[in-house]
Amino acid sequence: MKTVEAAPLSQAPRKIEEFKHLLDEQVPVWQDKYDVPGLAVGMVHEGRVAYLLNYGYADTKNKIELTDQTLFQAGSISKSVTAWGVLKLVEKGLVSLDDPVEKYLTSWKLPDAKFNPDEVTIKRLLSHTAGLAAHKGYLGTAPQSRLSSIEDSLNGKGLFNEPVRITDTPGEKEVYSGGGYTILQLVIEEVTGMAFERYMEEEVLKPLGMDSSSFHQDPNDPRMSKAYGYFGQELPNYQFTEQAAAGLKTNSTDMMKLILASMDHLNRMQGNGLLENELVEEMQQPVIGESGLGVFIRKLSEEQTFIYHSGDNRGWHALYGFIPETKEGLVILTNSDNGIDLRQDIYHAWIEYVTGSLPEGHSSLTQSRTNNFILSISIGTLFGIYVIMFGIRMATGRRVFFTKLKDKYVVKLGCRTLLLVSVGALLFYASYVWQILNLSSGRKDYVMLIMAWLFVLVITGFYPKKRKLKSPERPFNNPIPLNPE
């Protein structure tokens, strides 16, 4: 695909039809630039679904194109939908927002800490203000592996997982915690006596009309898009014990219904009749900072508020949000680790379209990308100089194969090779296999250069510098004759 320079965001049009035309032109450019196989975009305009747009492929190998029904993993957008499920229990009188969460738990309890566990309430868990440790995020489980129990997850079982525990005074600050939502998943199961995915389907997804969406962990669902890594490799369809935090599968069609239900002020009640108006309004009020109940609330201007949540699983990046005052909404679902950059570009363009100005964070993202580009150029230049110098030394005989040296270079070569291979393997696994490195905003470029440099360093280690022979010293008492005969 031919690469075309993207138009400046300041040229974004003001009409929804023209903005859709902008996306049709620019999204393929961004897909090519960032290497994103497919994405779905949904737009709500003036309280109605304006567009459902699909770009690229759900399966690149078999050339299967995306459709409105193609499912994506939604990552942490799951938390927004879970919040609806918890508030439904509140409406039924089965739980209270201000009750300690341990009132509803029997199979697992918060670990002992110097903080009062009774202050860890349902509302604070929903708003990430319960004093729990910052969570690194869930990596998921490969399809062929057995999912652990919720209790095991809360106790820290699993790759890169940590026990959920209280580390700060509850109610004092907002610290994002997926573990808090895993606790809420357990609350739902213990209070209702139902599996979490079944409760959410019957009490939330079906009433909202999200008929294609599910928390059920089925790696073989034929409606699912494939997922792709930073380097274009196909990834497993990772599954999650922590369904409430990261397990939602959905599509742009269903996400439109969630947005409409969230900002339906004019019909009989908010929430499409699922929740009382007061509960939906409480969900959308910040508790501390920008954190509401399952959503974040950001002021765009004096007149406009953006209510949103992003989602990030391995191989998937998503975003949904809406502006209640103007009834504008946006959904972005991508099937690639590289989708985070494309998601940000679409989001920034949309905010500029609905408000007339670029969003907070645009300049810092641009600066970050610039810095990473300069760093990549610098590393690439140094790498090129190193390779050229090595070639010159090889051509002039100043470097030779290590077997031609008479000293004991083998031990040194072995240690050097082992160290470089170990570092390279760790970087390879972290970036390519585990996908635990954030390689967005151009970081992938200099990581690839570093990996290339490590490979070259291994090769050059087998061609050390040829040592200069020292001239033999003459005895002090045997000077060179001035007139040799």
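**View 1. Ring pairs join F160, F231, F428, Y429, Y432 and W434 into a cluster.** Rings of Phe, Tyr and Trp (its six-membered ring) pair if their centres lie within 6.5 Å. The structure is a predicted model: local features need pLDDT of at least 70, side-chain atom pairs count only at pLDDT 80 or more, and totals for chains, interfaces and linings use all residues. Residues are numbered from 1 along each chain as its sequence is written, and side-chain values use heavy atoms, with hydrogens and water left out.

**View 2. F196 and F215, an aromatic pair.** The structure holds 19 aromatic pairs. F196 and F215 form one that is edge-to-face, at 5.1 Å centre to centre and 75° between the planes. Planes under 30 degrees apart count as stacked, over 60 as edge-to-face and the rest as tilted. This pair links distant parts of the chain. F196 belongs to helix 6 (residues 196–205). F215 is in the loop between helix 6 and strand 5 (227–228), and 19 residues separate the two. Helices (H or I, at least four residues) and strands (E, at least two) are DSSP runs, numbered from the N terminus. Both F196 and F215 are buried. Buried means under 20% relative accessible area, exposed over 50%, partly exposed in between (1.4 Å probe, protein chains only).

**View 3. F306 and Y308 form a stacked aromatic pair.** Their centres are 5.2 Å apart, with 5° between the planes. F306 is buried, and Y308 is buried too.

View 4. Strand 1 (residues 38–45) and strand 2 (residues 48–59) pair in the antiparallel sense over eight bridges. Two strands pair if DSSP finds at least two bridges between them. G38 has G56 in strand 2 as its bridge partner. Two residues lie between strand 1 and strand 2 in their hairpin, where E46 takes a positive phi near 55°. Strand 2 also runs antiparallel to strand 3 (residues 64–65), joined by two bridges. Here Y57 has E65 in strand 3 as its bridge partner. This hairpin of strand 2 and strand 3 has four residues between the strands, and K63 takes a positive phi near 55°.

**View 5. Charges over rings.** The charged end of K63 sits over the ring of Y57, 5.1 Å from its centre. R314 places its charged end over the ring of Y238, 3.7 Å from the centre. The criterion is NZ of Lys or CZ of Arg within 6 Å of the ring centre and within 35 degrees of the ring normal.

**View 6. E202 and R198 meet in a salt bridge (3.0 Å, N to O).** A salt bridge is a side-chain nitrogen of Lys or Arg within 4 Å of a carboxyl oxygen of Asp or Glu. The structure holds 15 of them. E202 and R198 both lie in helix 6, four residues apart, about one turn of the helix. E202 is partly exposed at 40% relative accessible area. R198 is partly exposed at 46%.

**View 7. D312 and R343 meet in a salt bridge (3.0 Å, N to O).** The pair links distant parts of the chain: D312 in strand 9 (residues 305–313) and R343 in helix 10 (residues 339–355), 31 residues apart. D312 counts as partly exposed because its relative accessibility is 35%. R343 counts as buried because its relative accessibility is 5%.

**View 8. R369 and D345 meet in a salt bridge (2.9 Å, N to O).** R369 is in helix 11 (residues 362–395) and D345 in helix 10, 24 residues apart. R369 and D345 are buried. Salt bridges that share partners join D341, D345 and R369 into one network.
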